[in-house]
Amino acid sequence: MTDTDMTDQQWKRFLGNGRSRPLTELPDPPAWRRFMPDEEFQENYQDSSENRWGKIQDLADTDSRGKERGESFRIEEKDADIFNAVNAALYLRRPLLVTGKPGSGKTSLAYAIAYELKLGSVLSWSINARSLLDDALYQYDAIARLQDAQLKREKPIGSYIRLGSVGTAFLPSVLPRVLLIDEIDKCDINLPNDLLELFEEGCYDIPELVRRQDELQEPVDVATADRDVPASISRGRVFCYQFPLVVMTSNGERDFPPAFLRRCLRLRMPDPTQNKGALERIVEAHLKRGDDAQRWQGLEAEIGEIVNNFIAKGGQETADIATDQLLNAVYLLTREIKPDVDERDGLKELLLKGLSEED
């Protein structure tokens, strides 16, 4: 192997080929993207973080849905922009803003990164117009605490705090977690600026703990978005050591502030609807598994016909069509129990209806 090949392999931590290549370490971050000092992490967090990381890996092994989404994701060699953007985000500790047509793999990209690099289950936050960053950082159940106080059932204050998906992603960790912020373009106008502060500082406070930091001599154990894997918070502040790999998806329904865009790496996913080879690989990755793998032989022509119909639909100016629809059509029309021949054309038309077509 040449020095060039070795360097290329070291750079390409993520390849997008569905094969496991566990990430074990990362080069030091740029000086302007350092958060918790090494000395503080090693002295106060390294042992507990390594123990917690093992539990996170065990939890990810039980996440069959997430593993399936990550394993079935594929990148063609010509789409180098995708793995270059992911690897650059890893090295630079910068969030990734991903746009593209429905079905282009924006959300699946996050699952592919977590699966391929073995970074635990994806921590996911789905955005709507009412989404607030504070809710995704942590929740404090003041009502339950009041009820317990009235009933004289004393519990540690950490029993009433649970970190959300975003809050969990910023816990000090030996390796970065994958945080998916899905459909961020649906957010309130203030959310990008709120996120910008978090992304720049790499930390946040839990006021309910900060106010009591003098009387809380020991770290406080709190629940997290990782089921049954708690975390310890010191002096009410969560400070990241490894900046999470943040994947923010957008359907392009709104613009973002220039300051926010400057601090993101931006990636547009290629449109797969006119690439027959890419579509066939997507279908194969999702459907050629288990019992279906045995049936695959002899279905190539039938699947190729459905793919051609899908491409023809996607080429129409009035039709906006997603790869999910192609998977639905292939699955339904190639089963052992399937519609009669005279019903197939109508069903195919139904399943491959453009998203902008009228009923």
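1. Residues are numbered from 1 along each chain as its sequence is written. Because the model is predicted, local features need pLDDT of at least 70 and side-chain atom pairs count only at pLDDT 80 or more, while totals for chains, interfaces and linings use all residues.

2. Asp 134, Asp 135, Asp 188, Asp 194, Glu 197 and Glu 201 form a negative surface patch (residues with over 30% relative accessible area and no salt bridge, like charges being joined within 9 Å; a salt bridge is a side-chain nitrogen of Lys or Arg within 4 Å of a carboxyl oxygen of Asp or Glu). At least two residues of the patch come from each of helix H7 (133–137) and helix H10 (191–201), and H10 gives the most, with three.

3. Asp 194 is located in helix H10. With a relative accessible area of 37%, Asp 194 is partly exposed (buried means under 20%, exposed over 50%, partly exposed in between, with a 1.4 Å probe and protein chains only).

4. There are five aromatic pairs in the structure (ring centres within 6.5 Å; planes under 30 degrees apart are stacked, over 60 edge-to-face, the rest tilted). Phe 41 and Tyr 241 are stacked, because their ring centres are 3.9 Å apart and their planes at 0°. Phe 41 belongs to helix H2 (residues 38–44) and Tyr 241 to the loop between strand E9 (237–239) and strand E10 (245–250), so this pair ties together parts 200 residues apart in sequence. Phe 41 is buried at 3% relative accessible area, and Tyr 241 is buried at 19%.

5. Phe 256 and Phe 260 make a tilted pair, 5.6 Å centre to centre with 40° between the planes; both residues are buried.

Conventions. Side-chain values use heavy atoms; hydrogens and water are left out. Patches are made of residues with over 30% relative accessible area and no salt bridge: like charges are joined within 9 Å, nonpolar side chains (Val, Leu, Ile, Met, Phe, Trp, Tyr) within 5 Å. Accessible areas come from the Shrake-Rupley method with a 1.4 Å probe; for residues, only the protein chains shown count as cover. Lys and Arg count as positive and Asp and Glu as negative; His and the chain ends are not counted. The place of a charge is taken as NZ of Lys, CZ of Arg, CG of Asp or CD of Glu. Helices (H or I, at least four residues) and strands (E, at least two) are DSSP runs, numbered from the N terminus. Rings of Phe, Tyr and Trp (its six-membered ring) pair if their centres lie within 6.5 Å; planes under 30 degrees apart count as stacked, over 60 as edge-to-face and the rest as tilted.
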